[in-house]
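Dear colleague,

Here is the structure that I promised to pass on to you. Please have it open beside this message while you read the notes below.

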Amino acid sequence: MRVLVAGATGFVGRRLAPALEDAGHEVVAMTRHPDTYEGPGSAVFGDVHDAGSLPAALDGVEAAYYLVHSLDSDDFVRRDAEAATAFGVAAAEAGLQRIVYLGGLGDDADDLSDHLRSRRQVEGLLSGGGVPVTTLRAGIVIGHGGISWEITRQLVEHLPAMVTPRWVSTRTQPIAVDDVIRYLVGVLTQPVGSDRAYEIGGPEVLEYVTMMRRVAEIEGRHPVIVPVPLLSPGLSARWLSLVTDVDSRAGRSLVDSMVNEVVVRDGAIREVVPFEPISYDDAVRRALAERAEQAEAAASATAPSEDGE
């Protein structure tokens, strides 16, 4: 199948493109900088915020993955809504059979954050043109380069002692990025359930504070973590900006969402794409190993040669 990946150079997209190619699909990577794209498949110019660029990008495509967001913008709700609307219309005009979207977990009956409500809105807007949309709703994705994971890792590594906000007691169901990729690839060719949302998560439901303590244990650290009810989401975002290098606007949006419990309520995906999910601890070890490998590769690339040249 000829498949377009919108967001092919992002955290999930750069892993999805080779997995799709390995599964026998023809990958078209949509990017604003096709001249610098070095991943699998062919690159095509396209920008979800430029509706005029979408028809050419989608030409000849049978299905598309939508993996983009604007969390680094103060106006992300409006920008993401406009982009999803334009993409859904362009996909219908191009005759696509399916759109696969990676959204967010969260109970619709809950008072969802702007971020999670925006994810829900995008689901509906993508289908506005009439193309069936398969949505995978995930909580925290564990993998090197993921924003939520980076917040967790950097807090553990940068602070020997933490006075943490009340959201650390919120429950979530983290999932390894490798498992997200397996689900994304698996639903592409499913003959049924192509126009519905599936909930995906790892094998454990954990509080954020438990996640941090498990990371610390794996790294051989012993931070003192003291949850207090005093830090609001706004103060939490400022606190994060002091101790992590995560984009402050994206970090604020994610912190706002951490007050919402995000766990799998419907396990139907396990029958559609059956496999045994990776444990949280193993997902953490993989993320740390990938980070170490990239750091080593970067150091080797900049190291002087033995002859001094």
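This is a predicted model: local features need pLDDT of at least 70, side-chain atom pairs count only at pLDDT 80 or more; totals for chains, interfaces and linings use all residues.

Residues are numbered from 1 along each chain as its sequence is written, and side-chain values use heavy atoms, with hydrogens and water left out.

Helices (H or I, at least four residues) and strands (E, at least two residues) are DSSP runs numbered from the N terminus. Seven strands form an open sheet with parallel pairing, in the order S3-S2-S1-S4-S5-S6-S11, where two strands pair if DSSP finds at least two bridges between them. Strand S3 (42-45) and strand S11 (197-199) stand at the edges with a single partner strand each, so one side of each has no neighbour in the sheet. Within the sheet, S5 (residues 98-104) and S6 (residues 133-138) run parallel and are joined by six bridges, and Ile99 has Val133 in S6 as its bridge partner.

Two helices lie across strands of this sheet. Helix H3 (residues 76-93) lies across S1, S2, S4 and S5, running at about 175 degrees to S4, whereas helix H4 (residues 114-126) lies across S4, S5, S6 and S11, at about 170 degrees to S5; such angles run from 0 to 180 degrees between N-to-C directions, with axes fitted to C-alpha atoms, for helices over the stretch in contact.

Helix H5 (residues 147-158) and helix H11 (residues 280-302) pack at about 80 degrees with their axes 12 Å apart, and they are therefore roughly perpendicular, a term that covers 65 to 115 degrees. Their contact (heavy atoms within 4.5 Å) is made by Trp149, Thr152, Arg153 and Glu157 of H5 and by Tyr280, Val284, Ala287, Leu288 and Arg291 of H11. Ten of the twelve residues of H5 are buried, so this helix is largely enclosed by the rest of the structure; buried means under 20% relative accessible area, with a 1.4 Å probe and protein chains only.

Finally, Thr170 is found in the loop between strand S8 (161-164) and strand S9 (171-172), and at 12% relative accessibility Thr170 counts as buried. Leaving aside neighbours within four places in sequence, Thr170 is in contact with residues including Leu206, Tyr208, Met258 and Asn260.

With best regards

Note on methods:
Angles under 35 degrees count as roughly parallel, over 145 as roughly antiparallel, 65 to 115 as roughly perpendicular and the rest as oblique. Buried means under 20% relative accessible area, exposed over 50%, partly exposed in between (1.4 Å probe, protein chains only).
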